[in-house]
Amino acid sequence: MDSGFTLTIDWLAFTVLASNPQETMKVLGGDWSKAKGGFRGYPLSWMRTDGLRGVGKLGTNAPRRPNEIHVDLSGGVASALTLDQIRILLKWVHKQQGHVRRIDCALDDRAGAVPVSTIREAVSAGQCVTRAAQVRHIVSNLTHGTGATTGETMYFGSPQSQTLLRIYDKRLELQSKGQENWGEYGTRWELELKKHRAEQCARALATLDETDWKELVIGLLRSYVDFRDITKDTEEEERYRAPMLEWYALLTEGLQKGRLAQEQQVQTLQNVKRWVSDTLTPMLAVICATPGGEEWLLNEIVRGIARWKDRHRNLLSNHPLGFTGLPAVTRAAHVRGTGGVGRLPRCICTCSPSKNSRLGSISKNPRSISGFPRTRFPAAEFTASSDLNPKTFGSGSMPLNRPQQAAYLPSDATIPAT
């Protein structure tokens with residue numbers, strides 16, 4: 001049996017990090033014009049209007065990321081694109097190191113086989129099984145004349161959540177707006193996905209053939225809401241085992257539930273730097289602007305090495321150049337008299353916490369420092385320090401003989417005679 005659903009993408013919002021406005025507008029197509037004001041915090045913006053169909057907006061030149069571009073394509077613009085055009089656009093966004101921030105997948109029951117009233121009655125009877133924390137029912141009426149009903153919508157979930165389901169009478173909505181094609185629609189089931197959920201869905205759609213898109217979205221719908229032959233008094237365990245209501249089974253083609261598996265993003269130094277730049281830089285500047293602030297900050301950086309966990313070491317082990325120490329920070333700390341240079345090797349050369357030392361102890365294996373096969377310290381760090389004896393660097397730790405010192409220091413470093 002062919003599904004009563006047809007699928008359109010009714011909203012698409014994304015951000016790209018490596019592009020320019022003209023290139024982005026060329027990819028999107030249409031006629032774009034410079035807008036007077038900003039858009040979503042971006043000082044420069046452009047707008048695309050397609051008659052009654054919808055609006056596209058583009059913003060850029062944010063102070064924190066001048067080259068970042070954010071695009072919103074409302075329902076009229078996004079739905080005018082074919083699914084193949086959408087897939088090409090999604091692939092381009094990811095190629096530009098971008099992320100999809102919102103995507104609305106609209107499944108239309110064009111025959112109107114299941115009206116909103118049927119869904120409302122099923123919810124009232126306790127036949128709805130959903131991951132949504134709340135369900136709302138809203139009816140819109142004219143305030144003058146006959147007071148006719150102009151819209152009826154069921155909301156599953158919160159507008160702030162990453163998944164929101166809207167079920168509404170699309171035919172009634174278009175009819176109240178005087179659009180001639182109102183007879184082509186019935187009940188719309190619209191999944192609004194945001195943030196991580198939107199990005200997951202977009203990546204899945206970008207890799208699937210167009211013929212498989214509908215099956216994926218119906219599977220996502222069923223993973224979020226089901227209508228089963230139960231009552232309000234049915235035990236929780238039985239609610240998920242009960243058979244589906246016949247009308248819902250027919251409407252969704254009896255597809256099994258399908259969910260997007262959230263893959264853990266591999267953290268990179270580039271992402272960490274971007275996060276520090278976007279969120280911490282202003283406050284760090286405030287600290288450095290106060291008396292003694294820069295000295296305190298450098299000391300905290302050195303102390304932070306002792307708090308490294310596997311996730312911090314992995315960032316360094318995945319770096320193409322490996323771990324090369326912190327020459328700029330530690331040299332600056334030494335110049336300011338903080339003693340950072342003297343403490344740094346002791347902090348870094350830690351394989352396991354020592355009971356007698358908050359920072360830990362030096363590894364007995366000169367070729368293994370904190371899990372790294374080889375650790376390099378620029379010679380300048382050591383030769384610039386008059387109070388640092390490489391023979392026992394890391395006060396309170398295990399003394400090193402000359403072969404061990406040579407394993408830690410670069411080839412051009414000078415080891416004083418004993």
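The structure is a predicted model, in which local features need pLDDT of at least 70 and side-chain atom pairs count only at pLDDT 80 or more, whereas totals for chains, interfaces and linings use all residues. Residues are numbered from 1 along each chain as its sequence is written, and side-chain values use heavy atoms, with hydrogens and water left out.

The protein chain contains 16 helices and 12 strands; these are DSSP runs numbered from the N terminus, with helices being H or I of at least four residues and strands E of at least two. Of the 418 residues in the chain, 43% are buried, where buried means under 20% relative accessible area, exposed over 50% and partly exposed in between, with a 1.4 Å probe and protein chains only.

Ten strands form an open sheet with antiparallel pairing, in the order E2-E3-E4-E5-E1-E6-E11-E10-E9-E8; two strands pair if DSSP finds at least two bridges between them. At its edges lie strand E2 (33–34) and strand E8 (135–141), each of which pairs on one side only. Strand E2 meets strand E3 (residues 44–49) through two antiparallel bridges, and here Lys34 stands opposite Trp46 of E3.

Further into the strand order comes E11 (residues 187–194), whose eight residues are all buried. Both faces of this strand are covered, with Thr187, Trp189, Leu191 and Leu193 on one side and Arg188, Glu190, Glu192 and Lys194 on the other. In E10, six of the seven residues are buried. Strand E10 pairs in turn with strand E9 (residues 149–156) over four antiparallel bridges, where Phe156 faces Leu165 as its opposite residue. The hairpin of E9 and E10 has six residues between the strands, and in this hairpin Gly157 takes a positive phi near 105°.

What lies inside? The largest nonpolar core has 57 residues, and those touching the most other members are Phe14, Ile103, Phe156, Trp189, Leu221 and Phe227. The largest share of this core, seven residues, is contributed by helix H7 (residues 210–224). A nonpolar core is a set of buried Ala, Val, Leu, Ile, Met, Phe, Trp, Tyr and Cys residues joined through side-chain atoms within 4.5 Å.

No disulfides are present: the count is zero, with a disulfide taken as a pair of cysteine sulfur atoms within 2.5 Å. The cysteine sulfur closest to that of Cys201 belongs to Cys105, and at 4.2 Å it is too far for a bond. Cys201 is buried, at 0% relative accessible area, and Cys128 is also buried, at 12%.

Rings of Phe, Tyr and Trp (its six-membered ring) pair if their centres lie within 6.5 Å, and planes under 30 degrees apart count as stacked, over 60 as edge-to-face and the rest as tilted. By this rule there are six aromatic pairs. Phe14 and Trp92 form an edge-to-face pair because their planes meet at 80°, with ring centres 6.5 Å apart. This pair links distant parts of the chain, since Phe14 belongs to strand E1 (residues 5–16) and Trp92 to helix H3 (residues 83–95), 78 residues apart. Phe14 is buried at 0% relative accessible area, and Trp92 is buried at 12%. Trp247 and Tyr248 are likewise edge-to-face, at 5.7 Å centre to centre and 75° between the planes. Trp247 is partly exposed, at 21%, whereas Tyr248 is buried, at 0%. Ring pairs also join Trp189, Phe227, Trp247 and Tyr248 into a cluster.

Charged groups meet rings as well. The charged end of Arg64 sits over the ring of Tyr42, 5.8 Å from its centre, and that of Arg110 sits over the ring of Tyr185 at 4.4 Å. The rule here asks for NZ of Lys or CZ of Arg within 6 Å of the ring centre and within 35 degrees of the ring normal.
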